[in-house]
Amino acid sequence: MGFRNRSKGGIMARMPYIAYLAENEMEKELIEEVGDVHIAKGFIEAAREIREKRDEPAYKNLNKIHQKAVKIGEKEANS
């Protein structure tokens, strides 16, 4: 199974919402969104790694981008 296309913008339009789900470890909802257990777990693990390594130079900008995506996804989840 692949990503579910729930919006006209395709998967890229869903990335902030996916980041929000991963950041909050909402596994059930994330599996529903991406359509695959392994992909969902990979997103959750990646979100953890970004947070754990946020002070490392290679992760500083990635952490900022991830945080912005999570905020956008949170607004989408609450609308």
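A nonpolar core is taken here as a set of buried Ala, Val, Leu, Ile, Met, Phe, Trp, Tyr and Cys residues joined through side-chain atoms within 4.5 Å. Buried denotes under 20% relative accessible area, exposed over 50%, and partly exposed the range in between (1.4 Å probe, protein chains only). The structure is a predicted model, in which local features need pLDDT of at least 70 and side-chain atom pairs count only at pLDDT 80 or more, while totals for chains, interfaces and linings use all residues. Residues are numbered from 1 along each chain as its sequence is written, and side-chain values use heavy atoms, with hydrogens and water left out.

The largest nonpolar core has 13 residues, of which Tyr 20, Leu 21, Ala 22, Leu 30 and Val 34 touch the most other members. Two or more residues of this core come from each of α1, α2, α3 and α4 (57–77), where helices (H or I, at least four residues) and strands (E, at least two) are DSSP runs numbered from the N terminus. The greatest contribution to the core is that of α1, with six residues. When residues up to four places away in sequence are not counted, Tyr 20 touches Met 26, Val 70, Gly 73, Glu 74 and Ala 77; contact means heavy atoms within 4.5 Å.

Helix α4 has 21 residues and reaches 31 Å from its first C-alpha to its last, close to the 30 Å expected at 1.5 Å a residue. The expected span is 1.5 Å times one less than the number of residues in the helix. The buried residues of α4 are Tyr 59, Asn 63, His 66, Ala 69, Val 70 and Gly 73. In general, an α-helix has 3.6 residues a turn, so residues three or four places apart point the same way.

Six salt bridges are present, each defined as a side-chain nitrogen of Lys or Arg within 4 Å of a carboxyl oxygen of Asp or Glu. One of them joins the side chains of Glu 33 and Arg 14 (2.9 Å, N to O). Because Glu 33 lies in helix α2 (residues 27–34) and Arg 14 in helix α1 (residues 11–23), this pair ties together parts that are 19 residues apart in sequence. Glu 33 and Arg 14 are both buried. A network of salt bridges links Arg 14, Glu 33 and Glu 76.

In a further salt bridge, between Arg 51 and Glu 23, the closest N and O atoms are 2.9 Å apart. This pair links distant parts of the chain, with Arg 51 in helix α3 (residues 37–52) and Glu 23 in helix α1, 28 residues apart. Arg 51 counts as buried because its relative accessibility is 16%, whereas Glu 23, at 24%, counts as partly exposed. Lys 53 and Glu 49 also form a salt bridge, with 3.3 Å between the closest N and O atoms. Lys 53 is partly exposed at 28% relative accessibility, and Glu 49 is partly exposed at 28%.

Asn 24 lies in the loop between α1 and α2 and is partly exposed, at 41% relative accessibility. Its C-alpha atom is separated by 8.2 Å from that of Ile 44, 20 residues apart along the chain.

The largest pocket holds about 200 Å³ of space. Its lining includes Met 15, Ile 18, Phe 43, Ile 50, Leu 62 and His 66, and α1, α3 and α4 each supply at least two lining residues. On a 1 Å grid over the protein atoms alone, a pocket is an open set of points where a 1.4 Å probe fits, with protein on both sides within 12 Å along at least five of seven lines; lining residues have an atom within 4 Å of a point. Grid points are joined across faces, edges and corners, and the volume is the space filled by probe spheres set on the points.
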